[in-house]
Amino acid sequence: MALLFLSTLERAAVWQPLFEAAGVEMIVGEAAVTDPAAITHLVCWVPPQDLRRYPNLQVVISTGAGVDHMPPMPEGVQLARTLAPGIEEMVRDWVVMATLMLHREMPIYLGQQREGRWQNRPVPLARGTRVGIMGMGRIGQLAAETLRGMGFDVAGWSRSGRAVAGVEVYGATGMEDFLARSEVLICLLPLTAETRGLMDANFFAKLPQGAKLVHAGRGAQLDMAALKEALDAGQLASAMLDVTDPEPLPEDHWAWADPRIVITPHVAASTDAREGAQHALAVVRASREGTEIPGLVDQTRGY
Ligand code: NDP
Ligand code: OXD
């Protein structure tokens with residue numbers, strides 16, 4: 001079994017000793033492949049054009065938690081996402097920061113700072129403020145735990161509505177009730193056919209007036225024109241976005257200059273090289289032993 005590594009040389013330098021120690025062959029870059037038939041695993045963000053060059057490929061591993069950028073896999077090739085505690089913790093931290101920033105009205109205070117204006121506003125309590133998390137997967141659950149610990153009243157929404165200790169989770173049919181209670185709405189959904197364009201005008205109308213949006217899922221889930229209308233109408237008070245469509249957001253996009261919006265350039269998380277390598281090794285071992293591939297993606301549902 002050999003793994004083809006298509007990422008940066010800095011990361012390769014961290015991966016190589018770990019693969020050597022584990023006795024698993026790792027090839028860096030397609031140019032170094034002498035026998036395509038030896039490649040059984042491929043690690044990359046975007047894969048090469050023609051995966052059929054590798055006739056014995058078993059698993060493609062996305063270097064991130066998302067797989068929406070991946071093309072359809074050839075017949076028989078499995079797709080996995082990287083499972084790394086660091087990714088989940090980093091996104092949790094970003095989400096907590098963004099929730100607090102909007103809850104404590106930082107967009108307004110940052111605007112006042114630019115104008116040299118000292119003006120206080122009522123100070124809200126976290127305790128009892130209703131937060132709704134869309135996507136109660138690995139990251140959503142971690143974010144929920146921390147926000148609950150700070151006193152926020154947290155509910156979740158997921159496809160299955162699967163129970164999560166201490167959090168009321170609404171299923172697919174409970175979306176309206178979930179939105180109606182979400183004073184701060186957090187999106188941590190994967191991008192799929194079902195979630196593309198989800199946050200539109202109709203969606204925003206179901207939130208309480210003056211709601212706040214924290215978005216770390218994927219840019220294509222958010223209709224930016226609808227966001228602007230909702231902000232202009234006061235339906236939304238503010239938004240913090242880590243993901244946009246397209247990325248990078250064009251320099252002349254209106255959202256950059258909108259004082260109600262805070263943008264970060266898709267930096268909620270960046271996979272730690274060591275954790276990424278450990279996950280890839282676990283995938284190779286699972287393939288060898290015929291056990292469940294960690295991070296295996298259900299290619300029919302898209303996450
Ligand atoms: P998981 O697969 O663990 O969780 C996904 C959650 O979304 C599940 O609860 C799932 O429901 C729910 N879900 C999926 N489709 C729907 C739908 N149509 N309606 C309602 N709920 C749905 O993923 P993670 O928590 O690890 O990651 C979530 C996403 O976060 C990633 O896909 C990526 O887009 C984004 N991300 C962003 C990063 C950044 O830097 N901004 C970094 C890492 C991830 P169910 O439980 O029923 O299956
Ligand atoms: C990821 C991401 O999916 O960076 O890991 O968004």
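## Before we start

This is a predicted model, where local features need pLDDT of at least 70, side-chain atom pairs count only at pLDDT 80 or more, and totals for chains, interfaces and linings use all residues. Residues are numbered from 1 along each chain as its sequence is written, chains are lettered from A and ligands numbered from 1 in the order in which they are written, and side-chain values use heavy atoms, with hydrogens and water left out.

## Around ligand 1

Start with ligand 1, which has 28 residues around it. A residue counts as near a molecule or strand if one of its heavy atoms lies within 4 Å of it. Arg81, Ser160, Glu194, Asp242 and Tyr303 come nearest. Helix 2 (85-103) and helix 4 each supply at least two residues of this shell. Helices here are DSSP runs (H or I, at least four residues), strands are too (E, at least two), and both are numbered from the N terminus.

What kinds of residue make up the shell around ligand 1? By class, there are 14 nonpolar, seven polar and seven charged residues. The nonpolar class is Ala, Val, Leu, Ile, Met, Phe, Trp, Tyr, Cys and Pro, the charged one is Asp, Glu, Lys and Arg, and the others, Gly among them, are polar.

Now zoom in on some backbone atoms. A backbone N or O atom of Arg138 is 2.9 Å from an oxygen atom of ligand 1, and a polar backbone atom of Gly137 is 3.1 Å from an oxygen atom of ligand 1. Ala216 has a backbone N or O atom 3.2 Å from a nitrogen atom of the ligand. The protein buries 93% of the 950 Å² that ligand 1 exposes when taken alone. Accessible areas like this come from the Shrake-Rupley method with a 1.4 Å probe, and for residues only the protein chains shown count as cover.

## Around ligand 2

On its own, ligand 2 has 210 Å² of accessible area, and the protein covers 82% of it.

Strand 7 covers residues 153-157, and four of its five residues are buried (under 20% relative accessible area; over 50% is exposed, and in between is partly exposed, with a 1.4 Å probe and protein chains only). Strands pair if DSSP finds at least two bridges between them.

Find Gly156 in strand 7: Ile133 stands opposite it, and its bridge partner in strand 8 is Val169.

## Two loop residues

Gly151 sits in the loop between helix 4 and strand 7. Is Gly151 buried or partly exposed? At 26% relative accessibility, it's partly exposed. Gly128 is 23 residues away along the chain, yet the two C-alpha atoms are separated by 6.6 Å.

Pro55 lies in the loop between strand 3 (39-44) and strand 4 (59-62). Its relative accessible area is 58%, so Pro55 is exposed.

Key. A polar contact is a pair of N or O atoms within 3.5 Å; within protein, one must be able to donate a hydrogen and the other to accept it, and residues adjacent in sequence count only if both atoms are side-chain atoms.
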